Amino acid sequence: MPEVINLADKVEKQLPAELVGFLRTAGEVAAGQGQSLYLVGGVVRDLLLRRVNLDLDLVVEGDAIKLALQLAEITGGKVITHSRFGTAKLRWQGWSVDLATARSESYTKPGTLPTVKPGSIDTDLFRRDFTINAMAVELIPGGYGRLLDPHRGKADLEHQLIRVLHEKSFIDDATRIWRGLRYEQRLDFQLETDTLKLLKRDIPMLETISGDRIRHELERIFQEEYPEKVLSRAEKLGVLSTLHPSLKGDSWLSEKFRQARSSSLPLSGLYLALLAYRLTDEENEQLISHLKLSKSLGQTLRDTNHLKGELGWLADPALAPSRVYRLLHGYSQSALIANLLASDSPVVQGHIRLFRDKLRYVKPSLTGNDLIKMGVPPGPRMKEILQQLHGARLDGKVKSKKEEEELVRRWAARGK
Ligand code: ATP
């Protein structure tokens, strides 16, 4: 007889009281409906690891929507249901919980989404990626807290191993290759020997995955605390080159990612710009289309690459601020910061910082209306004067509205 392990204590201690209360209620309501209810996936793994995880995933043997609707009434939460998938999301006061009907999955063709049928908790656990993610905690009264661990995930957690459930796992869904590397590096675990062999064998299966799904995996990697560890491991195993053969997960990238974390920008655009930094224009375009990047992310990569080509100009220590401004304005923040981090030249870095911290905020005091009042007619000439004023402001040649007016008058007098 396998040992019965109960995690009720861990649930009480590690989850906020509000969520614990919810789980108890949910178990009672499910039982009242004649259904079984389980906490599954990442949160169970993290309860055993004592890691904080408030993303609650529940699996219902029966009908998740029916349970979610009744729970919404009782707890006063908001519910969103997807009848096609038999799933629901419950939200209340800053918390949310996902409920799904237990299912079984079969893959007819590698890389495509599986055929889904209603199933039991056992089939639902069997469809999962790794043993450490294929555990459940029963929530109905009587069984409350009981751990279901049909694939020995707890033992793998103890031995710090990432192990697939069966030898076709990466063929069915090669995104699990990226997922495996992500968990391995996040948790400081090892891919179990046979899993590692299967992973290497099945790297070509990544070709069966759509650009959207690969991009999604990359985004999830960028949400990790240290994405560079995943990319470095991916390079060593020959996985990174499936994104693009010229990408590198080396010490340069690690150092730049580390520095990127002290910037206040959203990290994922910046990480991507740094990852793609050493690509040529052509390779950059290949990556953009392979990952089906959004217009704005694609633009960030193009901007970054374009600015990289201008850095030679910015290396001149005698550059006037107005020239620095002209070279740097119009680029996205991520492109600027990626180049700031990537450049080795203190002069270039100084110019980018000057632009970021000061020049981009500098504007002339005089407006078009002021110029009209001074007798300058609207038109291309006025535009030119405004640009020259802007330059004079940037270079510190004028410091006040009064000085700007004098300058405009002088130009007018000279017929300039
Ligand atoms: P994280 O801690 O990164 O949020 P998670 O374990 O909660 O990870 P999710 O991606 O939110 O992971 O997925 C929830 C669960 O669904 C996983 O724990 C895993 O059991 C299962 N799962 C997710 N993606 C796959 C997949 N591609 N193949 C098989 N099972 C998967």
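Arg 51 touches Gln 14, Asp 46, Arg 186 and Leu 187 when residues up to four places away in sequence are not counted, a contact being heavy atoms within 4.5 Å. Arg 51 sits in the loop between α3 (42–49) and β2 (56–61); helices here are DSSP runs of H or I with at least four residues, strands are runs of E with at least two, and both are numbered from the N terminus. The model is a predicted one, in which local features need pLDDT of at least 70 and side-chain atom pairs count only at pLDDT 80 or more, while totals for chains, interfaces and linings use all residues. Residues are numbered from 1 along each chain as its sequence is written, and side-chain values use heavy atoms, with hydrogens and water left out.

With a relative accessible area of 35%, Arg 51 is partly exposed; on this scale buried means under 20%, exposed means over 50% and partly exposed lies in between, with a 1.4 Å probe and protein chains only. The C-alpha atoms of Arg 51 and Lys 78 are separated by 28 Å, the two residues being 27 apart along the chain. The loop between α3 and β2 also holds Arg 50, which is exposed at a relative accessible area of 63%. Its backbone is worth a look: phi of Arg 50 is near 55°, a positive value in a residue other than glycine. Most residues other than glycine have a negative phi. Lys 292, in the loop between α14 (281–290) and α15 (295–308), likewise is not a glycine and has a positive phi of about 45°.

Helix α10 (residues 211–222) has 12 residues and spans 16 Å from its first C-alpha to its last, close to the 16 Å expected at 1.5 Å a residue, where the expected span is 1.5 Å times one less than the number of residues. Buried in α10 are Gly 211, Ile 214, Arg 215, Glu 217, Leu 218, Ile 221 and Phe 222. Seen down the axis of α10, these buried residues fall within an arc of 160°, so they line one face of the helix; the arc is that of the directions from the helix axis to the C-beta atoms. Their cover includes α8 (175–187), α11 (227–237), α12 (251–260), α13 (267–275) and α14.

In α12, the buried residues are Leu 253, Lys 256, Phe 257 and Ala 260. They fall within an arc of 100° seen down the axis of α12, so they too line one face of their helix. Among the elements covering them are α10, α11, α13 and α18 (333–342).

Helix α11 contains Leu 231, which counts as buried at 0% relative accessibility. Neighbours within four places in sequence aside, Leu 231 is in contact with Trp 178, Leu 218, Phe 222, Leu 240, Gly 249, Leu 253, Phe 257 and Leu 275. Leu 231 and Ala 342 are 111 residues apart in sequence and 18 Å apart in space, C-alpha to C-alpha.

A further helix pair is α17 (residues 321–328) and α19 (residues 346–357), whose axes come within 10 Å and cross at roughly 85°. The axes are lines fitted to C-alpha atoms, for helices over the stretch in contact, and angles run from 0 to 180 degrees between N-to-C directions. The two helices are therefore roughly perpendicular to each other, the class for 65 to 115 degrees, with angles under 35 counting as roughly parallel, over 145 as roughly antiparallel and the rest as oblique. Val 324, Tyr 325 and Leu 328 of α17 meet His 351, Ile 352 and Phe 355 of α19 in this contact.
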